[in-house]
Amino acid sequence: MKAIVATDQAAGMAGVKLVERPEPQAAINDVVVQIHASGFTGDELTWPSTWTDRVGRDRTPSIPGHELAGVVTALGYGTNGLSIGQRVFGLTDWYRDGTLAEYVAVEARNLTPLPGDVDFGVGAALVMPGLTAWQGLFEHGRLHAGQSVLVHGAAGVVGSMASQLAREAGAYVIGTGRAAARQTALDFGAQEFVDLDNDALEDIGEVDLVFDVLGGDIAKRSASVIRAGGTLVTVTGPTEARPSGGRTIDFVVEPDRAQLSELVQRVRVGRLRTNIGEVAALDDAVAAFNRTERIKGKTIIRVHPARGLPKSIQETRKAASA
Ligand SMILES: NC(=O)c1ccc[n+]([C@@H]2O[C@H](COP(=O)([O-])OP(=O)(O)OC[C@H]3O[C@@H](n4cnc5c(N)ncnc54)[C@H](OP(=O)(O)O)[C@@H]3O)[C@@H](O)[C@H]2O)c1
């Protein structure tokens, strides 16, 4: 199969290339998915899990990308709950080969059925930002109706999802970003916008929750606008910022079948939309992964354009009906 591999940590992007790799096999409780659309995070080459396994052994060449939508083509020993031919989407393990490839082996529990009326590209674009926003707002941030939330980077991939979900849950949403991001942030659900380059963050008054995707000094300054006992949630790693009498939580997104089902239902009824920027083919994925200019929105790699069912499934069905 075709796959993008990262070969050498020291070489960074120079060691990322399109190669032929053997198709993966489904281990216990795995499925193999033929990938139709894949998503990645731009900074994956800085993640330790791109280079080593859980005990620190080198695992190069590794396949980056951990978001997918596709069709199940094989079941591992003991795998239940998914079937061959089923449309699925989900998040793959950080320490295993990922989704910038034609096929991936992934734990079935990490996948959720993708309804037939939801495009594979939309499914892939929903996974990481949707789960990150959901977990940050509702699990860690315990946000509920009537509260207020400051969403940093509200025109960005994760922030635009967080603004929509928070608004839908009945919270008052203040988005932040650069001046040029104002209209996009408002379009994605923010009710107010703070231009971080020109407005004083401190002027917004107090909020119950800050959802941070920027970190650094902005995370630190944000602690002062949280009401006593409120919460700062960040996805940028540990921070010393603490709201007075409140909690600070940094977390890494986890796969969650129930949450993905909730998210995709909202997409189907038009209550949530993805923030897709560029769509590229797998043959062009190295260039897409290596963008030097800023791309607004999520980059999605189209691996298999909808060309009917994968061959292996057609053969299984032919054999079954013979
Ligand atoms: N821990 C986790 O589980 C997890 C999960 C998902 C994502 N993340 C992390 O979350 C971060 C955001 O991801 P994303 O996909 O949402 O990125 P993104 O689409 O680039 O969104 C970031 C937004 O913030 C804006 N921004 C950046 N720096 C700014 C600044 N100094 N002042 C004002 N606005 C600024 C960006 O504007 P411009 O485009 O103009 O720069 C963009 O609109 C990344 O670091 C990612 O690795 C973590």
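I started at V149. V149 touches L143, A166, A171, V173, V207, D208, L209 and F211, leaving out residues up to four places away in sequence. I took contact as C-beta atoms, placed from the backbone, within 7 Å.

I noted the source next. The model is predicted: local features need pLDDT of at least 70, side-chain atom pairs count only at pLDDT 80 or more, and totals for chains, interfaces and linings use all residues. Residues are numbered from 1 along each chain as its sequence is written.

I then looked up the largest nonpolar core. It has 85 residues, and V33 and V149 have the most contacts inside it. Such a core is a set of buried Ala, Val, Leu, Ile, Met, Phe, Trp, Tyr and Cys residues joined through C-beta atoms within 7 Å; buried means 20 or more other C-beta atoms within 10 Å of a residue's own, with C-beta atoms placed from the backbone.

I checked the domains. An automatic or database assignment sets the bounds: domain 1 (2–114 + 257–321) and domain 2 (128–250). Their centres, over C-alpha atoms, are 29 Å apart. Twelve residues of domain 1 contact ten of domain 2.

I finished with the ligand. I found 22 residues around the ligand, the closest being G153, G156, V157, V158 and V235; the cut-off is a C-beta atom, placed from the backbone, within 6 Å. Helix α2 gives the most, with three residues. Helices are DSSP runs (H or I, at least four residues), numbered from the N terminus.

Methods:
Helices (H or I, at least four residues) and strands (E, at least two) are DSSP runs, numbered from the N terminus. A residue is buried if 20 or more other C-beta atoms lie within 10 Å of its own, exposed if 12 or fewer, and partly exposed in between; C-beta atoms are placed from the backbone. Two residues are in contact if their C-beta atoms, placed from the backbone, lie within 7 Å.
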